[in-house]
Amino acid sequence: MAVPDGLPWDVPAMTRRPEDAREAEFAALFEEFSSPIYNYVLRMVNDHDRAADITQDTFIKAYRKLDTVSEATSTRSWLYRIATNTAIDDMRRRRNVTTMSDDQPTFANRADSRPGPEAQVMAATLDERVQRALLSLRPNHRQCLLLSDLEDMSAHQIGEVMGLSYGAVRTLLCRARGEMRRALAAEGFAR
Amino acid sequence: MTMNRHEAFEELISASLHGDLTDDERLRLNAHLDGCDRCRQTLAAFSDQRRMLAGLRHVAPPRDLGARVRAGVEYASVPWWRKPTTIFTAVGGTLAAVAGALLALVVLNGSPANPVGQASPTPNGPGPTASAPVSLPAQATPPPSTDATPGEPTPQPEATPTPAQLAAPPEPDMVVAFEPATSAGNEQSFKVVDGSSEDVILEPSPPEGPTATTGEPVAAELSSDGTFIAMVSREGLSGMDQVLVTHVGEGVAASSEASAEPTPTPPAAIGGTTALGASIAGSPFLERLAWSSDSRFLAYTLADPNGSGTDAWVFDTATNEFWQLTAVGDAYAASWVDVPDSEVPALWVSRAEGTVTSYLTAVMTDDGARVERVNPAADPLVVAEHVFQPLISPNGALAIYWDGVMTRLGDEWVFGEGGAPYLAEHRPFDEAAGSAFPEGRQLFSDLTIDREAFTSAAISWGTDGNAFAVWNAVWTGGDQGAQGTYPDEARVYFGHATDSGGLKEDHALDQSDLPADWSIVDVKVSPTGQDLVVMVAAPLAGDLSTPTAELWLVTRHTGDVADESRTLKSGEGIWYGPAVFDGYVEVDPGTETP
């Protein structure tokens with residue numbers, strides 16, 4: 001698992017207090033999941049600063065509730081659930097969703113700031129075009145697609161994260177794939 | 001709508017990509033793919049799509065992320081009384097609210113600044129009867145009384161209560177109980193239970209409709225004759241809501257004597273649930289469910305996730321049909337109004353863009369046809385500028401509405417500048433009043449409303465047409481609290497229209513009334529006018545346990561007497577609530593304002 005260089009909260013630093021197993025457990029959790037959670041949130045909200053804020057809030061909440069984690073196997077779903085909840089809460093509260101600043105590094109520009117569609121399709125990188133297609137999806141479709149294809153979760157795990165039944169996830173994923181197919185076609189991916 | 005044969009296989013193709021097929025499903029899919037070009041193309045497209053998403057560039061988090069989390073965690077372990085408020089600005093944008101929750105641990109109710117009887121939030125004085133519309137008292141006159149002249153002593157609790165107060169129990173008539181699907185594979189279930197016993201009133205059938213799902217209910221309203229419950233249910237953490245309506249019974253017909261016409265027999269079977277549409281989950285403005293006084297019509301608002309904004313919708317219990325009333329992208333359903341000389345009520349519909357304005361809108365033409373996809377500004381019965389989503393009191397006499405400048409937030413609208421709720425009389429057909437909402441005044445009388453103010457809040461009237469509750473109030477301005485954070489999103493503010501002092505900081509419920517760290521989902525005012533049924537949801541636990549919500553009954557006291565609170569409904573893994581009351585009695589035609 002890739003961990004950013006120079007992370008100030010490294011395991012050795014935390015284990016300097018071996019009596020505190022909770023701290024060590026949390027440090028390990030942060031090391032393993034901070035980067036994937038950040039990327040998941042980043043693809044959800046398309047804004048580096050907000051993704052960092054949401055990831056930060058996710059881990060602070062996780063720390064406060066660490067005592068309630070009962071099964072190691074579900075830790076990942078639990079963390080993604082907190083991240084999802086925090087990201088949705090952020091999306092509900094943000095006040096200027098339609099006025100993203102130009103100097104903000106993002107994967108995809110807003111539609112109204114693009115050049116002509118053809119030039120834009122030609123100029124954008126593959127990553128930008130896929131991200132732009134993702135952003136055009138409704139939030140629940142974007143979430144379940146990212147959890148399935150970026151995070152490689154099963155329908156059962158996605159259900160744990162999103163609070164949906166197995167059957168509901170399968171239906172939602174199918175609709176999301178159909179919507180993504182049309183969005184990718186609009187970005188010039190023919191199939 | 002029926003699914004065609006290719007669509008049925010698309011779900012199997014999608015599930016096959018992550019190995020979620022049973023053996024039978026795999027055999028069926030393979031057999032179909034052998035002879036279907038279209039589905040083979042779908043499989044190829046879905047597979048490409050999965051590869052593209054899996055191959056998205058990995059981005060390193062900011063280098064200081066770990067330090068920021070550590071600062072946040074260490075800060076959380078500092079006792080609240082040692083925390084300077086300024087530190088919150090350095091730790092993240094959302095922590096100002098946390099600061100409010102931490103610092104507002106003062107028990108407000110016993111404040112000597114608010115003795116009983118001095119324009120206090122006391123609910124003990126006699127309120128207006130349900131059939132007698134109240135007028136607002138002059139502002140800032142001391143006692144909140146409908147009978148006493150200004151300057152006279154406040155009525156004491158032993159004053160003769162109205163019949164409604166004597167008869168009404170504080171417990172809700174019905175409670176929605178939802179058991180979410182569990183990781184153990186249990187499917188979700190959904191019930192309507194009695195508010196004061198363990199009796200199950202109804203186990204509704206699953207909602208009808210191709211996209212219908214049920215999730216945790218977050219808002220619910222009972223039609224005034226008790227025959228239908230309308231609900232907003234949350235689709236897990238997906239950011240989407242469903243609006244549902246369930247036919248719960250033949251009704252209590254609390255006000256049948258006042259109605260000359262029998263309620264039409266609804267075609268939907270008892271226990272049947274109809275999905276009325278999906279919406280982006282958003283502010284409380286979207287969760288407004290408005291029943292007409294004759295229980296025939298439900299009005300609600302859907303925010304379209306595909307970008308066409310918000311519009312008002314109507315459901316007709318007489319035909320079990322629903323339709324899109326407006327097509328303007330910034331319209332919200334508000335409240336129904338009985339129109340003189342008309343059998344069909346009209347709906348206050350509010351538009352958010354520009355100057356917020358409400359339009360009293362007909363939902364049926366004179367010849368009985370549905371009014372569909374209109375601009376409510378085109379042909380309104382009454383217009384009220386600077387009025388957004390007026391919530392009309394159950395007796396029709398008063399309104400709580402919003403004013404300010406709204407801004408589009410994704411697929412919905414919230415207040416961006418100077419947003420605040422106001423209390424006014426409601427006289428839509430009284431030309432002498434000069435306005436449909438005369439005598440307007442700030443609901444929160446002790447707040448200075450500036451450019452930075454409320455974004456939104458949830459508001460609910462009591463059945464007495466006097467008591468009201470405000471919660472989930474999102475405030476973006478500076479803290480104006482004298483005793484803690486104020487306004488505070490985590491608190492419930494409980495007021496009375498007849499209180500001449502208005503709603504103030506010390507009208508908040510005691511913090512100890514409700515479980516710490518639980519979030520408020522819904523509040524209903526009991527017909528007593530002094531009890532609240534508060535629905536609270538548990539914070540996310542680390543064991544992935546199912547979402548849990550409880551109902552608490554809080555009896556409001558003032559002065560040195562602490563509130564009383566007790567659990568009404570709770571159960572592990574069960575989502576109890578919202579609660580609903582029937583007995584939303586209609587206005588006595590003999591006393592209605594002309």
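Predicted model: local features only at pLDDT ≥ 70, side-chain atom pairs only at ≥ 80, totals over all residues.
**Stop 1: where the chains meet.** Start by selecting chain A and chain B. Their contact takes 80 residues from chain A and 79 residues from chain B. Together the two chains bury about 6,900 Å², with 58% of that on carbon and sulfur atoms.

**Stop 2: charged and polar pairs.** Stay between the two chains, where the count of salt bridges is five. To see a salt bridge, pick Glu25(B) and Arg170(A): their closest N and O atoms are 2.9 Å apart. Between chain B and chain A there are also 17 residue pairs in polar contact, both residues being at pLDDT 80 or more.

**Stop 3: chain B's side.** Now colour the elements of chain B that give two or more residues to the side touching chain A: helices H1 (5-16), H3 (37-54) and H4 (65-76), with strands E17 (398-409) and E18 (412-425). The largest share, eleven residues, belongs to H3(B). By class, this side of chain B has 34 nonpolar, 24 polar and 21 charged residues.

**Stop 4: the nonpolar cores.** Next, select Phe26(A) and Met180(A), which touch the most other members of the largest nonpolar core, a set of 57 residues. Helix H2 of chain A (residues 21-45) gives the most to this core, with eleven residues. Zoom in on Met180(A): leaving out residues up to four places away in sequence, Met180(A) touches Val130(A), Ala133(A), Leu134(A), Leu137(A) and Leu145(A), as well as Gln49(B) and Leu53(B) from chain B.

Notes:
Residues numbered from 1 in each chain as written. Chains lettered and ligands numbered in written order. Heavy atoms only, no water. Contact = heavy atoms within 4.5 Å. Buried area = accessible area lost by both parts, 1.4 Å probe. Salt bridge = Lys/Arg side-chain N within 4 Å of Asp/Glu carboxyl O. Polar contact = N/O pair within 3.5 Å; in protein donor to acceptor, adjacent residues only side chain to side chain. Helix = DSSP H or I, 4+ residues; strand = E, 2+ residues; numbered from the N terminus. Nonpolar A, V, L, I, M, F, W, Y, C, P; charged D, E, K, R; others polar. Core = buried A, V, L, I, M, F, W, Y, C linked by side-chain atoms within 4.5 Å. Buried < 20%, exposed > 50% of the residue type's maximum accessible area, 1.4 Å probe, protein only.
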